[in-house]
Amino acid sequence: MNTFLVFLEQREGVVKKSSIDTWNRAQELAALHPGAAVSALLVGPASTRQLDGCPGGNGVIYHANEEAFRLYNPEHYTRLVVETMKRVAATTLFFADTALSRDLAPRLSVRLKASLLTGCAVDDAWGENGGGCCQRPVYSGAAIASFAPCRPLKIYTCTPRASRISSPITSGARASVVVLEPSSSTSEELFPLVRRMAMHEGVRDVAEARIIVAGGRGMGRAGFGLLEALARLLGGAVGASRPVVDEGWRPHAEQIGQTGKTVAPALYLACAISGAPQHLAAIGSAGIVVAINCDPHAPIFDVADYALVGDVHLLLPKLIEEFREFLKKR
Amino acid sequence: MHIAVCLCQVPDTASVIDFFEGALDLSRVNGVMNPFDEYALEEAVRIKERFEGSQVTLFCIAPSSAKEMLRKALAMGGDRALLFSTTEPADTFQTAGMLSRAITDYYGEVLPDLVFCGKHSTDFQSAQVPLMLAELLGMESVSAIIKLEASRAGIHVEREIEGGIESLELHYPALFSVEKGLNVPRKTTIKAVMEARKKPIDLLPVTLSESSCVTITSIKPFVREKKCRVVQDPKELVLLLTHAEALF
Ligand SMILES: Cc1cc2nc3c(=O)[nH]c(=O)nc-3n(C[C@H](O)[C@H](O)[C@H](O)COP(=O)(O)OP(=O)(O)OC[C@H]3O[C@@H](n4cnc5c(N)ncnc54)[C@H](O)[C@@H]3O)c2cc1C
Ligand SMILES: Nc1ncnc2c1ncn2[C@@H]1O[C@H](COP(=O)(O)O)[C@@H](O)[C@H]1O
């Protein structure tokens, strides 16, 4: 029998959307595998009202709402997850693929002697061939590899699904919340210790945005004003190619590609980006890709759904205008 | 300070990943230092230059052909390189296990003060080896750092999280995996390349004693199925996008 534990990550008291999506996916998997049960572990003070009705399905959400868990502490978090895995006799631990899970999961895999599969698309094929397999692009997106766990315990960090908007399970069942007793060890000062967490005001992170408006070298430094305007209008985030970051036009946090972030937005708008393999490697799971480029032979068009051939400086203001019209009418 | 840097080799990004009769064919691939490991090495060398009497030792598990890459790493400022040659494929856990034994064998009872790794290898992008290694060595560790301030007493680092930055504090000995942005690796000079020829590269045996945690069941070429539709103007594009899905 399979028991799934889903790690629900909070930042500043808000449960991450990617975590809720992972919970929903675990529920879908459980529905496909009779006898499977799903529990969740929410670490840190957070409003569970946000979870109300959103994650459907059955199961218990264990909430460790101690103040000590507000900021990420690798050692405290590791101990708590290990304890909870034992408590619910979990065989499989799911994380959303985030900066936190990338830091926590490898530690846990050693502590729990578990198989670790990072950055994976956990899809319906998960249960086939003995179970637990998942896929991920390798070699800059030139190939897709399937990985199979060999240990009884398995840990996944799951990449978002762009194209499919996951709908909450409507089985009528509701998950219940159990607040965990404060643990005795959290009073201990354990290192590494997060002293501060500073969030960028009003900036949406590219790794989490549903819409990304990305610009390449052809934008020029000043051209990014247009992309910011468009991103603001659509509620998206600005992304950048590497030369743009190396020139210092945009911060590194916005770089998309092999040495930047891997993204999976529902809409990716690539403006004056040529489409080098190192860039394309990171947008393989994007939903709709739109490319605007003056070179009709730019490789970016090979991966685009829609192409606009022309000068970004002429086309973008018009595009912004058209979107504004559309949004006004709606 | 004793500083260890873990380096791996990846296909040069310019090389084409081929498939021959359905199987992965890496015969025409050129191996280079993992780009993230360049940042790791640069940081190690900068610390060495600040703290007198420091030693930077390179650890690499790879076929013996990785010597060339290690020469470059020595020219960038490494003092000595240890190459653990193996032809057996290993998963990340086995790699971490071998590295931890290599490091404890080399340094003996006392762990090195600092260990640097890359955030991930660009071929498989696992981002698993560094913190598994830290856990096996029992060292404090932080992944994907973008800033580091080391003093004799302790270390402050920063890492990026979604939409923000975390500042952390830790003690020696510590292990870090490094993200792009931490530093700009130096270019090697002719003089450094000449000096590197005199630095030792030790070829050492290594045994694989852990069983694997994960196996790769298949590697297939990625076929893009997209068909690109050329649209005439922004108006048509907005029409198509707003009809497609509940995007906005
Ligand atoms: C180890 C390694 C790692 C790398 N990692 C990354 C990474 O993480 N991310 C990344 O992006 N790159 C990465 N690169 C770099 C990559 O190889 C390319 O150099 C880079 O992606 C090119 O960026 P670009 O498309 O913005 O610029 P360019 O290749 O210069 O392309 C500019 C494009 O803009 C178009 N253009 C110019 N002016 C206009 C205009 N007015 N209107 C419309 N179109 C216009 C041009 O036709 C061209 O297609 C990496 C390279 C290496 C070696
Ligand atoms: N075979 C290896 N030899 C030495 N170091 C390695 C090896 N494999 C991985 N590493 C280190 O671990 C980092 C992350 O690798 P990975 O977990 O495979 O993505 C690399 O940047 C290296 O610093």
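A salt bridge is taken here as a side-chain nitrogen of Lys or Arg within 4 Å of a carboxyl oxygen of Asp or Glu. In this predicted model, local features need pLDDT of at least 70 and side-chain atom pairs count only at pLDDT 80 or more, whereas totals for chains, interfaces and linings use all residues; side-chain values use heavy atoms, with hydrogens and water left out. Residues are numbered from 1 along each chain as its sequence is written, and chains are lettered from A and ligands numbered from 1 in the order in which they are written.

Over all chains, the search of the whole structure finds 37 salt bridges. One of them pairs A:Glu228 with A:Arg250, with 2.9 Å between the closest N and O atoms. This pair links distant parts of the chain, 22 residues apart: A:Glu228 is in helix 4 (residues 220–234) of chain A, and A:Arg250 is in the loop between helix 5 and strand 14 (267–271) of chain A. Helices (H or I, at least four residues) and strands (E, at least two) are DSSP runs, numbered from the N terminus.

Between chain B and chain A, eight salt bridges are counted. Among the salt bridges of the model is that of B:Arg159 with A:Asp103, whose closest N and O atoms are 3.9 Å apart. The count of residue pairs in polar contact between chain B and chain A is 33, both residues being at pLDDT 80 or more. A polar contact is a pair of N or O atoms within 3.5 Å; within protein, one must be able to donate a hydrogen and the other to accept it, and residues adjacent in sequence count only if both atoms are side-chain atoms. The side of chain B that touches chain A draws at least two residues from each of several elements of chain B, including helix 1 (35–50), helix 4 (129–137), strand 9 (140–150) and strand 10 (155–161). By residue class, this side of chain B divides into 37 nonpolar, 19 polar and 19 charged residues. Ala, Val, Leu, Ile, Met, Phe, Trp, Tyr, Cys and Pro count as nonpolar, Asp, Glu, Lys and Arg as charged, and the others, Gly among them, as polar.

In total, 75 residues of chain B are in contact (heavy atoms within 4.5 Å) with 87 residues of chain A. The two chains bury about 7,200 Å² between them, 57% of it on carbon and sulfur atoms; buried area is the accessible area (1.4 Å probe) that two parts lose on being put together, summed over both. Leaving aside neighbours within four places in sequence, A:Arg102 is in contact with A:Asp97, A:Thr118, A:Gly119, A:Thr157, B:Gln125, B:Ser126 and B:Ala127. The side chain of A:Arg102 reaches the backbone oxygen of B:Ser126 at 3.5 Å.

B:Ser126 also takes part in the surroundings of ligand 2, where a polar backbone atom of B:Ser126 is 3.4 Å from an oxygen atom of the ligand. Nitrogen atoms of ligand 2 are placed 2.9 Å from a polar backbone atom of B:Ile61 and 3.3 Å from a polar backbone atom of B:Leu7. Taken alone, ligand 2 exposes 490 Å², of which the protein buries 94%; accessible areas come from the Shrake-Rupley method with a 1.4 Å probe, and for residues only the protein chains shown count as cover. Ligand 2 is surrounded by 19 residues, the closest being B:Cys6, B:Asp37, B:Ala127, B:Gln128 and B:Val129. A residue is near a molecule or strand if one of its heavy atoms lies within 4 Å of it. Strand 6 of chain B gives the most to this shell, with three residues. The shell around ligand 2 comprises eleven nonpolar, seven polar and one charged residue.

Around ligand 1 there are 27 residues, the closest being A:Ser241, A:Thr259, A:Ser274, A:Gln278 and A:Asn293. Residues from chains A and B surround ligand 1, so the site is shared between chains. A polar side-chain atom of A:Asp311 lies 2.9 Å from a nitrogen atom of ligand 1. The protein covers 77% of the 980 Å² of accessible area that ligand 1 has on its own. Eight nonpolar, 15 polar and four charged residues make up the shell around ligand 1.

Two cis peptide bonds may be noted: A:Phe191 to A:Pro192, with omega about -5°, and B:Tyr172 to B:Pro173, with omega near -10°.
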